[in-house]
Amino acid sequence: MSDSAIVQLVRPLVREMAPYRSARDEFEDFEAQKIFLDANENPYNTDVNRYPDPLQRRLKRVLAKVKGVSADQILLGNGSDEVLDLIFRTFCEPGQDEVILLPPTYGMYGVLAQLNNVKAVDVPLDDNFQLDIAAIMSSVNENTKAVFVCSPNNPSGNAIPFEQIEILLKRFKGLIVVDEAYIDFSEQRSALSLLETYPKLMICQTLSKAYGLAGIRLGIGFANPEIIDFFNKIKPPYNVNILTQKTALASLNAPTVVERQVKTLIEERQKMERELPAFGFINKIYPSDANFLLIQVDYAQKRYDQFLEQGIVVRNRSSLLGCENTLRITIGTIEENITFINVCKSIDQ
Ligand SMILES: *Cc1c(COP(=O)(O)O)cnc(C)c1O
């Protein structure tokens, strides 16, 4: 077995475990013209009567090309939420290991830490929602397995500069997870180009936001091939179904629609950034590299209720650290955003 530093971070139980082998693992050639009598499937063709490829090889080949990585650096999951859960289960020994979270941030990291009985140590982002690297480093101890960095960050919207992520990679010896759910909307470079240099970097992306495919549940993890092997060993064998794989392939093979939508959404965000300061009830619009804006208002619950009365559902993020009286507004279609601005006018007194 390899003894590279990253492998040493993997839980001993996961390192030693023998994987479950499904029928489709035993006989791997998916596109072979064979009579398949090995998996107790119904033989009558419906396009979904066969189990999916457990390693999603066709989809990974296309994704590898689109993202400029190699297919063996990719893990696919039932949404990024499954990818994130696999990170905990691969690296964090329950009741012993710790992770560092950087609030205010995506709530799922904390939920997964709790579910996996892993202590989450909070190191707040600074006043501009940027990394406080000194504070992060002083919270590290011998049980700290991972730091979760969300860039662009949900709920604040700002990206973490690439250089800051690289500084953290140089200083922290454990795993750095960079969640890039909103990277397609960002001016900031993806951390993908750092994968070759830093074997302890893990990047999560998703088809749920820019690609408009939240309903198919496809999350993407990028990491060193040695790490991907461990994920593949412990993941549920058929975690990405055939309909999801097909829909994702179709979207990735015809990227122009999504490219146009992303461009429009960024322009619409910029338009909102220009128009919202005119309203008296809005105190602050936080800089965004994503498809949403965090705004600070006078009375968040009152404004939330007023939007709802007019048929607009926004997210009240006031309970999060450093986010008192904030609402998170997703950028909608051009028409939806006009309606939103009109409602802002009507409630602005
Ligand atoms: C929306 C979001 C995700 C997406 O999760 P999926 O399970 O892939 O839909 C992941 N991370 C962040 C920060 C998000 O905001």
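Student: How much space lies in the second largest cavity?

Tutor: Rolling a probe the size of a water molecule over the atoms shows where empty space is left. On a 1 Å grid over the protein atoms alone, a cavity is a set of points where a 1.4 Å probe fits but cannot get out. Grid points are joined across faces, edges and corners, and a volume is the space filled by probe spheres set on the points. Here, the second largest cavity holds about 40 Å³ of space.

Student: Before we go on, what kind of model is this?

Tutor: This is a predicted model, where local features need pLDDT of at least 70 and side-chain atom pairs count only at pLDDT 80 or more, while totals for chains, interfaces and linings use all residues. Residues are numbered from 1 along each chain as its sequence is written, and side-chain values use heavy atoms, with hydrogens and water left out.

Student: Which residues line the second largest cavity?

Tutor: A lining residue has an atom within 4 Å of a point. For this cavity they are Leu 102, Thr 105, Leu 125, Phe 148, Val 149, Cys 150, Asn 153 and Ile 160. By class, six are nonpolar, two polar and none charged. In that count, Ala, Val, Leu, Ile, Met, Phe, Trp, Tyr, Cys and Pro are nonpolar, Asp, Glu, Lys and Arg are charged, and the others, Gly among them, are polar.

Student: How many cavities does the search find?

Tutor: Two of 30 Å³ or more turn up in the whole structure. The largest has about 40 Å³ of space, and its lining includes Ser 151, Ile 160, Phe 162, Glu 180 and Arg 189. That lining divides into seven nonpolar, three polar and two charged residues.

Student: Now for pockets: what is the volume of the largest pocket?

Tutor: A pocket is an open set of points with protein on both sides within 12 Å along at least five of seven lines. The largest pocket has about 670 Å³ of space. Of its 23 lining residues, Phe 30, Glu 31, Arg 50, Tyr 51 and Ile 242 are the closest to its centre.

Student: Which helix gives the most to that lining?

Tutor: Helices are DSSP runs (H or I, at least four residues), numbered from the N terminus. H10 gives the most to the lining of the largest pocket, with four residues. The classes there are nine nonpolar, five polar and nine charged.

Student: And what is the volume of the second largest pocket?

Tutor: About 450 Å³. Thr 330, Ile 331, Gly 332, Thr 333 and Glu 336 are the closest to its centre, out of 22 lining residues.

Methods:
Helices (H or I, at least four residues) and strands (E, at least two) are DSSP runs, numbered from the N terminus.
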